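Here is a short briefing to read beside the model.

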Amino acid sequence: MGLLDELKQAEGSYLTRRHFLKNGSLGLGLAALSGFSGCQSAANSFMTGESGDFSKVAPKAKRVIFLHMAGAPSQLELFDYKPLLQTLDNKPCPDSLLEGKRFAFIRGVPNMLGPQFAFNQYGESGTWVSDLLPHFQSAVDDVLMMKAVHTEEFNHAPAQLFMHTGSPRLGKPSFGSWVTYGLGSENENLPGFVVLVSGNSAPSGGKSLWGSGFLPSSYQGVEFRSKGEPVLYMSNPDGVSRDIRKDAIHAINQINEQAYQEVGDPEILSRMAQYEMAFKMQMTVPEATDVTEEPDYIHQMYGTKPNEVSFANNCLLARRLAERGVRFIQLYHRGWDSHGSNNFENLHGGFVERCQEIDRPMTALIQDLKMRGMLEETLVVWGGEFGRTPMQENREGITNPFKGRDHHGDAFTMWMTGGGVKRGMSYGETDEIGYGGIKDKIHIHDLQATILHQLGIDHEKLTYRFQGRDFRLTDVHGEVIHDILV
Amino acid sequence: MNKIIIGIGILCLLALVSFNFFEEEVDFNTDVRPILNAKCMSCHGGVRQEAGLSFLHREAALETLPSGDHAIVAGSAKKSKLIELVQSDDPEMIMPPLGDALTDKEIKVLKRWINQGAEWVDHWAYIPVDPEVSPPSISSAWSSNPIDKFVLKTLQDKGYQPSPIADKSALLRRVSFDLIGLPPDDELANQFLDDSSETAYEALVDSLLQSPHFGERWAAMWLDLARYADSKGYQKDNIRKTIWLYRDWVIDAFNSDMPFDQFTIKQLAGDLLQDPSDQDYLATAFHRNTMTNDEGGTDDEEYRVAAVLDRVNTTYEVWLATSMACVQCHSHPYDPIDHEEFYESYAVFNTTKDADDGRDSPKKFLLSDAQRRYKTQIKHELDYLKTVGDTLTDSYKHKVSTLSDVLPLSVPIMEEIDRTPDRASHIFERGNWLVKGDTVSAKLPGKLNKFTNLDIKNRLDFANWIASPENPLTNRVFVNRLWEQLFGTGLVETIEDLGTQGAKPSHPELLDWLALQFTTDMKWSMKSLLKEIVMSSTYRQSSHVSKELMREDANNKWLARGPRVRLSAEQIRDQAMVVGGLFNPKLYGPSVMPYQPEGVWNTIRHVAKWETSQEGDQYRRGLYTFWRRVSPYPSMIAFDTPSRELCVSRRVRTNTPIQALITLNDPVYVEAAQSLAQASIAAADDLNSQIQTAYKKALFKIPDDEIMNTLLTLYKSTTQKYREDGIQDQDELHRKGMENVTSVIFNLDEFIMKT
């Protein structure tokens, strides 16, 4: 539906709702015409978008929670168990593995590096998990492991952009922007695309990872901060109570309504709606983000401590936002870049700490969603921007002081659950040392196409015209992987 | 009998001829090309030529096909296979085989076009402006200048009436924001409002054009195109400490009304001019605004190539509104440039020394003109103090130290590589820089060079070609950009794309006439062009719109009313500071850091610190706000500034609740509202006049009774609530009441919009 149509519709709805404005309470209704809640109409017909008809199948998932492990965790220490690599430990890497390859840091001939932690099989599915994720071991029968995911990039920022915008260069809309552009939000009082960041700082790709690129800026991700104000400029200035603010917004909209009568520009109606929405968000956002009201057992389950920036808090927040109909909830947890160049980047140092930070909350998130009957309609995705080499990194030819691995895009593990994907299954295989995929590989564009498919979107049809060309999340690639779908 | 038959035959022939004669001639570009593009070209184009047929060029389309048929027989729709097949009843035969059949209207157009000779005409924007283009002869009291004649002609054809001239207060705000990006100062405002003579408006326009803030306002537009930022982009997004000198060069260039052809040449190839000055070098920083990647482990050559590709794309978008996103990978029949030609343009830019290194070299030590003028001024002052023997004062010492602070800075510039060994330029197969195809050398794209017909060797030649009056695109593109800035929509809506895939011009003759004036009579003067536009009655119309007109022309394509457009991110913030009396009008200098909530820059690794500017620098124009690409200033990005990673021609204007939260709660707006409240209290005695003062300061008019009542009611309910909260002090209650009133004024639609 075009903007004009939306505005016409808004005008209609305005005329029926003007008594709300007249009698002094703040009316509803106008908010729905905002770009903020997506390109779909106020009537919430699920599948009509600005970009035309992009639906092909009925949606299996209503929303996505994407747990991105920025910095790229080692699949060889978590999910992709390679006993042979143990026997090759500390032996020079054969030339055949190095020929024609470009690495970020490895130079010359590095040594192989065996798995650094013990693995066991868990659940009825017999899924391999290392000792670093003791809680997650109990959830494996709910999870789909994808072991031969591959990407084209081997540096953080480009690879993260590739994962989240489908292109390694800056300037393209992010995954969540595309989805909210297509589907809008389910909750007209909250943004459709929310970003939660934890770790010592944000991901390398910066805010472009949740930018709207060439899509209107109303589709960009809104960062909710877990410390301080959840949304920038959300709080009234000191001394201004909610009541006083209410009077102000009432006066603004009353004068704006008068202006609309005189001037006739429907954009004024849109602005009135946005002021109502802002007023409502001042209420809904603090409520939605207030994890203190959760019962103790939930806090224990997630390992949350209110008012701190943590992955655990963000997982719980993600569930609360999912409950309230936020369409795309993007988590970033940084600090996985285990090169072995210092203790923070050490597989036996920082890496272990990261595992402890995510193990309990991500497991709790799966269980919690399941417990509430929400897992079916919520697609949870976990993974880094690429994987790590089976070789010990030798930066500029000299073996690093700690155990660590270089960036590697040819094969790495991601997992998904809920939202109509098969569970307790492992899809894709890598070779005996986990260097490359040998069966059922999944390219990033395939993964993106598949996730969109679960949301009921045909990835080839959700397009936007920019610089004379129709762009889409998956560029000109991507195949839906039907084998992993229920 | 025979005679009769012959007679009837002649009559028929005459009828046919006269029918054709009076029938309006089909325009290939407007009428035919869109049909061919939409319905035929995907199978019968450049890449795919099913049945040996291509509609790309006339010669190809008229050729005898392998089947012996002729798709088109010029002059005879009847004999043309094309017409037979598009209206076939046979589902096996009908063209196109998939998708919608041609409508009756489309078939008629094709028939007429073929009967008229099936001429292929170049896309309108690739044909130079007709030097004879002139306004239609219409006499009307409404019309102030030739622009209005073009507009009025279209309005009459469509059956619309122009709107009356806007209220003085609206016009004052409109033209002030359009020319200097700020509301007018009190003096200028009063001069205009009090002057009822016919020349009042022109005097206002002339003053605004002379304002030093003029350059700042237009730099804000240009810096989006130049993808100017204070950081380098990508993962580390390190700071580019001296690039602001380029920003100051742009402000200066606009303020001095540098002819646009010079403005163009200096930025693209100032380093290649004969005896280039420091300012010529500084101008070339335009293309050093490309991103560089300092992330460990990245391939410098990969990002050098990316930067060069960006320069090609940016140059074509900025000056030629020609989209390159496609041809980087492959050719399309409708693109003016093919894959190989793209890389011939790439070869023009692939000759500079910069190589994605961490130091941003090559650089040059230099002073901007603004710095030089500043130095000269201080020297004069010092000389004066010396002559009066006043050299022991603090003021003298302070001036001496200021003088020594203004040192040349090292700015990234463009510079050619030494020619040995030559760096070869290759075609990249499917756009992949690792898959190199044939070697190419610098050359202009054929379709765009058809009328200029130049050979080029280097960047300077390329720049001269762009800036030549014969270039069919440059003047149209720039005129259209300015029109978009003033009216909210370009005469060609897709200001970034004047190609075949872009929108059609709403007023083609007007666009051409303005483009022609710009390069001839106006001698590429932007100020003359702007004056011509803002002096028109078209521009001065009221923006009020009736329901009927809204229904029929929601986007104001036909210009039966004045522009009503939201102010830009910079303008909204600047306006609040000016009206609130916080504004610091200082020009030029390093970028500043106004208040930003804690933690916003935590998003960035290797954090450079955001340190809030002091001494009034936090109230400088938005243009000077430090621009970090991975984390632009939050309130700017919320009002639709691009991130400046890539060239962006058009800011999409959104309307979101986050924007409302900013103008309600961002400390700069809160402070401005408080400050306006205090100033109004000081300026008048009673409540009514105080509210009127505040409202007039913001909107240059007195509120009507209804608005006054709303604001008074608000004032009363606010003070009542504060009283209930326990505030006793009358002055404090009054102030708080007024602050809520001024905050409301700052959030009115009329205040956020240019009306």
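## Briefing

Val194(A) sits opposite Val222(A), a residue of strand 6 of chain A. This is a predicted model: local features need pLDDT of at least 70, side-chain atom pairs count only at pLDDT 80 or more, and totals for chains, interfaces and linings use all residues. Residues are numbered from 1 along each chain as its sequence is written, while chains are lettered from A and ligands numbered from 1 in the order in which they are written. The pLDDT is the predictor's confidence in each residue, from 0 to 100.

- Helices (H or I, at least four residues) and strands (E, at least two) are DSSP runs, numbered from the N terminus.
- Two strands pair if DSSP finds at least two bridges between them.
- Strand 5 (residues 193-198) of chain A runs parallel to strand 6 (residues 222-223), and two bridges join them.
- Strand 5 of chain A also pairs with strand 7 (residues 328-334) of chain A, in the parallel sense, over six bridges.
- A residue is buried if 20 or more other C-beta atoms lie within 10 Å of its own, exposed if 12 or fewer, and partly exposed in between; C-beta atoms are placed from the backbone.
- Six of the six residues of strand 5 of chain A are buried.
- One side of strand 5 carries Phe193(A), Val195(A) and Val197(A), the other Val194(A), Leu196(A) and Ser198(A), and both faces are covered.

**Chain A overall**

- Chain A has 11 helices and 19 strands.
- Of its 486 residues, 61% count as buried.
- Two residues are in contact if their C-beta atoms, placed from the backbone, lie within 7 Å.
- Among chain A contacts between residues at least 6 apart in sequence, 76% join residues at least 24 apart.
- The mean pLDDT of chain A is 86, and 88% of its residues reach 70 or more.
- Residues 1-51 of chain A have pLDDT below 50; this stretch has 97 contacts in the model beyond near neighbours in sequence.

**Gly340(A)**

- Gly340(A) lies in the loop between strand 7 and helix 10 (350-371) of chain A.
- Gly340(A) counts as buried because it has 25 C-beta neighbours inside 10 Å.
- The C-alpha atoms of Gly340(A) and Lys403(A) are separated by 4.8 Å, although the two are 63 residues apart along the chain.

**Nonpolar cores**

- A nonpolar core is a set of buried Ala, Val, Leu, Ile, Met, Phe, Trp, Tyr and Cys residues joined through C-beta atoms within 7 Å.
- The largest nonpolar core has 309 residues; Val64(A), Ala318(A), Ile329(A), Val381(A) and Tyr246(B) touch the most other members.
- Helix 7 (residues 267-289) of chain A gives the most to this core, with 11 residues.
- Val64(A) touches Val179(A), Phe328(A), Ile329(A), Leu379(A), Val381(A) and Ile451(A), not counting residues up to four places away in sequence.
- Another core, of 21 residues, lies apart from the largest one and includes Met41(B), Ala61(B), Ile83(B) and Leu110(B).

**Where the chains meet**

- In chain B, 64 residues are in contact with 58 residues of chain A.
- Helix 29 of chain B gives the most to the side of chain B that touches chain A, with eight residues.
- By class, that side has 23 nonpolar, 26 polar and 15 charged residues.
- Ala, Val, Leu, Ile, Met, Phe, Trp, Tyr, Cys and Pro count as nonpolar, Asp, Glu, Lys and Arg as charged, and the others, Gly among them, as polar.

**Backbone spots in chain B**

- Most residues other than glycine have a negative phi, and most peptide bonds are trans.
- The peptide bond from Met95(B) to Pro96(B) is cis, with omega near -10°.
- Pro96(B) lies in the loop between helix 4 (81-86) and helix 5 (104-115) of chain B.
- Ser361(B) and Pro362(B) are joined by a cis peptide bond, with omega about 0°.
- Asp257(B) has a positive phi, near 50°.
- Asp257(B) is partly exposed, with 17 other C-beta atoms within 10 Å.
- Asp356(B) has a positive phi of about 55°.
- Asp356(B) has 22 C-beta neighbours inside 10 Å, so it counts as buried.
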